[in-house]
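Subject: Structure for your study

Dear colleague,

Please find the structure below, followed by an account of what was found in it. I would ask you to keep it open beside the text as you read.

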Amino acid sequence: MAHRDGHGPEVTPESFTQDALGLHARTPPGYKKALWVTGLLFLLGIIGFVLRAAGDGFERREPWGYFAATVAYLLGTAVAAPLVAVALRLVKAHWRRPMVRIAEVYSVVGLLVLLMFVPLLFLVPSAAGRRTLWLQAEPDKTLGSLGVVPRLVLPGAPHVYITILLASLVLCALALLWLSARPDLAMVRDARGGRLRGLGGWMAGKWRGSRKEWKVHRAGVGLLGGFFFLLLVGTVAFFSVDFALALVPGWKDSVFPAAQALSALQGGLATVVFTLYLVRRFGHLERYIHMEHFWGASKILLALSLLWFYFWWSGFVVFWYGRLPVEQNLLQLLMFGPYRPVFLLAFALNFLAPFLTLLWNGVRRSTWGPPLAAFFILVGTFLDKVRIYVAAYSVEDIAAHTLEKVPPAHLPDVFDLMIMAGGVSGGIFLFLVAARLVPIFSLWEMAEGFRLRAVRPFLRTRLVVLGKPD
Amino acid sequence: MAHVLGLFREAEAAAVATEALQQAGYTNENFEVLTGSPYPEGSFGERVARHRLYVFPFIGAILGFSTALLLTVATQLAFPLVSGGKPILGIPPMIIIMYEGTMLGAILFTVLGIFFESRIPNMRAGLYDPRITEGYIGITLTCAEDRINAVEQLLRRAGAEDVRSAQR
């Protein structure tokens with residue numbers, strides 16, 4: 001395999017498939033170690049959760065702030081990751097191919113989020129008698145200042161409706177993963193050897209690769225991808241309203257849910273880019289994952305980082321300019337009061353650091369620059385969720401008219417640390433397990449890419465020529 | 001009736017085989033091209049496959065929307081409280097639940113549609129060979145039992161590396 005003017009080594013679809021299936025059949029020692037470490041940390045997190053529940057119960061919200069932040073973090077990063085595959089397929093970006101399966105495999109983290117979401121439901125009271133987006137309110141209460149006036153009883157608000165949203169999102173993501181991976185699972189089934197052959201065969205569901213099967217496959221992936229996008233934005237937005245905004249009296253901010261949805265797009269892409277780097281580095285897959293893949297993602301990451309600032313500013317400036325007592329208290333609670341260091345770090349890592357890193361052409365056009373920016377974003381997003389959710393969960397009286405007193409900072413204790421480490425590790429653990437069942441490369445998409453791509457001479461240089469069937 | 005499967009190492013040979021089959025009087029209804037990864041439509045001179053998957057999410061979305069509309073309207077009419085002189089049915093908050101119902105219905109019916117259109121579980125899948133996922137192109141053909149030998153020869157002449165047949 002010879003390098004061709006920096007366009008990567010020449011690969012045939014057949015040689016790639018054989019190589020990738022060989023890689024999939026093996027579990028390297030480092031991979032096993034990662035499984036053990038993340039599995040043990042996950043267990044530690046479960047123990048932390050049990051001890052927290054036994055000690056504090058579900059009466060008070062304050063002890064659960066870091067738990068809620070962890071759930072929001074997983075929702076805004078790993079669960080959002082499949083959107084990268086959806087969006088890049090939609091715009092037919094050829095550089096998507098090595099990263100789409102990584103993005104889709106993160107769907108399994110949705111199951112963990114769905115489980116962790118159940119205790120949160122016990123911590124949020126019914127929508128009766130307080131400001132929410134939902135239809136439920138006690139008939140004798142007037143909630144006229146909302147613009148939208150929910151004044152009638154709809155049972156189960158907000159719990160039932162946010163659960164339906166999240167469950168639909170997870171169902172959609174898992175269906176997308178299964179459908180997209182079906183041809184690859186057939187390859188695993190047909191490959192000689194490998195312990196996971198039987199399971200692959202069962203999940204492939206007698207896939208043969210007929211023209212109709214490919215056509216239905218393509219249409220299904222497109223449809224489920226579209227639904228996933230529609231659901232993700234709504235779920236993240238409503239989750240942030242029900243589990244943060246509605247818990248702080250007087251916090252009325254129409255930009256916040258949209259900012260959280262935008263943060264999920266940024267977090268999802270950062271998750272995929274950083275994982276792509278790890279897969280390339282530790283899987284020794286430099287021959288399949290090149291600079292162009294990181295370069296393509298880096299431009300979107302840069303744009304999303306700028307948008308993060310724009311959305312944050314749009315929400316912030318209204319409160320800052322308004323200067324009402326409640327608005328000043330909200331700014332204190334969420335940004336400049338007890339959580340100021342956390343906010344400043346989140347601001348730096350979500351906007352300043354990725355912006356200043358990806359601003360440079362040389363950094364953007366490298367295999368290390370975009371993952372570095374992605375790492376900043378992943379840390380920054382966690383801190384951002386901490387300052388929002390821990391602050392919101394530390395407010396005692398959520399039915400009050402306004403936030404009159406800013407509660408002090410709630411620092412994490414040992415259980416909180418166990419829960420945070422366990423929650424994040426649990427997500428990584430599930431990803432690692434799923435990546436053993438489903439090939440980490442979208443084999444059919446990579447093979448198609450190799451078939452449609454060629455390097456041809458042009459005057460004194462060589463160019464990549466892409467075949468575009470549509 | 002009998003089923004014949006020809007395996008081709010080269011895609012070009014498979015395309016030649018489909019042309020030969022058409023010249024021999026077989027139509028697109030009789031044969032099927034099997035590949036391990038997607039090829040652009042029409043690569044083998046085959047007809048464009050048709051499906052009805054798009055109908056499923058549409059039906060699901062209508063059902064989900066209708067259910068959510070019924071739920072929200074019925075609950076509000078069951079407690080007809082007028083506040084601030086506003087109408088009984090508050091449309092903006094209803095939209096959220098109707099959006100949820102629509103999406104859930106569309107997703108469930110899309111998954112159902114994928115199962116239906118892909119014929120899962122397919123207990124009577126035709127001939128298949130694991131080499132197809134290794135990069136070989138498979139052409140399966142349904143023909144009369146007395147035509148098996150002729151079809152096998154045709155496929156071999158076109159460049160098939162291996163030909164198998166089965167009777168049903």
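**Findings**

A:Arg323 lies in the loop between α11 and α12 (325-336) of chain A. Helices are DSSP runs of H or I with at least four residues, strands are DSSP runs of E with at least two, and both are numbered from the N terminus. The model is predicted, so local features need pLDDT of at least 70 and side-chain atom pairs count only at pLDDT 80 or more, while totals for chains, interfaces and linings use all residues. Residues are numbered from 1 along each chain as its sequence is written, chains are lettered from A and ligands numbered from 1 in the order in which they are written, and side-chain values use heavy atoms, with hydrogens and water left out.

**Residues in loops**

A:Arg323 is not a glycine, yet it has a positive phi of about 60°. Its relative accessibility is 45%, and A:Arg323 therefore counts as partly exposed. On this scale, buried means under 20% relative accessible area, exposed means over 50%, and partly exposed lies in between, for a 1.4 Å probe and protein chains only.

A:Leu459 is another residue other than glycine with a positive phi, here near 50°. A:Leu459 sits in the loop between β1 (453-458) and β2 (461-466) of chain A. With a relative accessible area of 73%, A:Leu459 is exposed.

The loop between α15 (369-393) and α16 (414-437) of chain A holds A:Glu404. A:Glu404 is exposed as well, at a relative accessible area of 69%. A:Glu404 and A:Gly250 are 154 residues apart along the chain, and their C-alpha atoms are separated by 9.2 Å.

**A mostly covered helix**

Helix α4 (residues 82-90) of chain A is mostly covered, with seven of its nine residues buried. These buried residues are A:Pro82, A:Leu83, A:Val84, A:Ala85, A:Val86, A:Leu88 and A:Arg89. What covers them? The cover includes α5 (97-105), α7 (159-190), α9 (211-243), α10 (255-282), α11 (291-322) and α17 (443-452) of chain A. Just after α4(A), A:Lys92 takes a positive phi of about 55°.

**Two pairs of packed helices**

Two packed helices are described by the angle between their axes and the distance between the axes. The axes are lines fitted to C-alpha atoms, for helices over the stretch in contact, and the angles run from 0 to 180 degrees between N-to-C directions. Angles under 35 degrees count as roughly parallel, over 145 as roughly antiparallel, 65 to 115 as roughly perpendicular and the rest as oblique.

In chain A, the axes of helix α3 (residues 65-76) and helix α6 (residues 109-123) come within 10 Å and cross at roughly 150°. α3(A) and α6(A) are therefore roughly antiparallel to each other. The crossing of α3(A) past α6(A) is left-handed, a term used if the near helix is turned anticlockwise from the far one by less than a right angle (right-handed if clockwise). On the α3(A) side, A:Phe67, A:Ala68, A:Thr70, A:Val71, A:Leu74 and A:Leu75 meet A:Val109, A:Leu112, A:Val113, A:Met116, A:Pro119 and A:Leu120 in α6(A). The residues of this contact between α3(A) and α6(A) comprise 11 nonpolar, one polar and no charged. Contact means heavy atoms within 4.5 Å. Ala, Val, Leu, Ile, Met, Phe, Trp, Tyr, Cys and Pro count as nonpolar, Asp, Glu, Lys and Arg as charged, and the others, Gly among them, as polar.

The axes of α10(A) and α15(A) are 8 Å apart, and the two helices pack at an angle of about 140°. α10(A) is therefore oblique to α15(A). Their crossing is left-handed. The contact of α10(A) with α15(A) has 12 nonpolar, six polar and two charged residues.

Chain A has 17 helices and two strands. The radius of gyration of chain A is 24 Å, close to the 23 Å that the globule rule gives for 470 residues, so chain A is as compact as a globular protein of that length. This radius is taken over C-alpha atoms, and the rule is 2.2 Å times the number of residues to the power 0.38. Of the 470 residues of chain A, 59% are buried.

Chain B has four helices and four strands, in the order β-α-β-α-α-β-α-β along the sequence. Its radius of gyration is 26 Å, whereas a compact globule of 168 residues would have one near 15 Å. The C-alpha atoms of chain B fill a box of roughly 85 × 30 × 30 Å along the principal axes. Of the 168 residues of chain B, 46% count as buried.
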